[in-house]
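Please work through the exercises below with the sequence and the 3D structure open beside you. Each task is followed by a solution that goes step by step.

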Amino acid sequence: LAAVYVLDTLDDRFRSVEELQAQVGVPVMAIVQDLPRREGHGVGALQLVAEPDAPESEAFRTLRTSLGLSHDHWRRIVVTSAEPGDGKTTVLANMAVAYASSRKRTLLIDADLRRPGLSTMLGVRGVEGLSSVLRCQGPIGEVVEQHIRKTGVPGLDILPSGPRPMNPAELLGGQSF
């Protein structure tokens, strides 16, 4: 009995959506299942573009709708997790496609200047982007317009991370950002 008690105490997994909601204190808006691993880069490798009618794709549309119907009107969405490799970039990219497919103009900004996963995933790593914008001395609006890239999905653009700077923290903490 002691071993069962210790194992149960150390087990920090959630067994149901209801248990998750009770522990965290916020509603679950959607559940995204494990997505099949796709080869290649670019927008064509994203779940919503590759298989728009699959059940896995519906989870992103459900999340988009849940956010749209919530009491607040969201203009910015941040996706984060506790561990690397949890799928933040994949979720964010698919959410962007979901928003763009609902005729909402969407801009993805890859602000990870050290390990630009979003730029790599969408095949625009190494091209001029956010780091270049933040180092420019000209008017930010004009400079940003020059660095935004089309993705091939109507209404969806990306501002890649740009070349890796020597001082990413200073750039992101500066007034320009």
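**Exercise 1: The overall layout**

Along the sequence, the protein runs through the pattern α-α-α-α-α-β-α-α-α-β-β-α. The model is predicted, so local features need pLDDT of at least 70 and side-chain atom pairs count only at pLDDT 80 or more, while totals for chains, interfaces and linings use all residues. Residues are numbered from 1 along each chain as its sequence is written, and side-chain values use heavy atoms, with hydrogens and water left out.

Task: state how many helices and strands the protein has.

Solution: the secondary structure comes to nine helices and three strands, where helices (H or I, at least four residues) and strands (E, at least two) are DSSP runs numbered from the N terminus.

**Exercise 2: Strand 1**

Task: find which side chains of strand 1 are buried, and which strand pairs with strand 1.

Solution: Next, strand 1 pairs with strand 3 (residues 156-159) in the parallel sense over four bridges, pairing requiring at least two bridges found by DSSP. Finally, Leu-108 stands opposite Ile-158 in strand 3.

**Exercise 3: Leu-134**

Task: describe the place and the contacts of Leu-134.

Solution: Leu-134 lies in helix 7 (residues 130-135) and is buried, with a relative accessible area of 9%. Leaving aside residues up to four places away in sequence, Leu-134 touches Leu-171, Leu-172, Ser-176 and Phe-177, contact meaning heavy atoms within 4.5 Å.

Key. Buried < 20%, exposed > 50% of the residue type's maximum accessible area, 1.4 Å probe, protein only.
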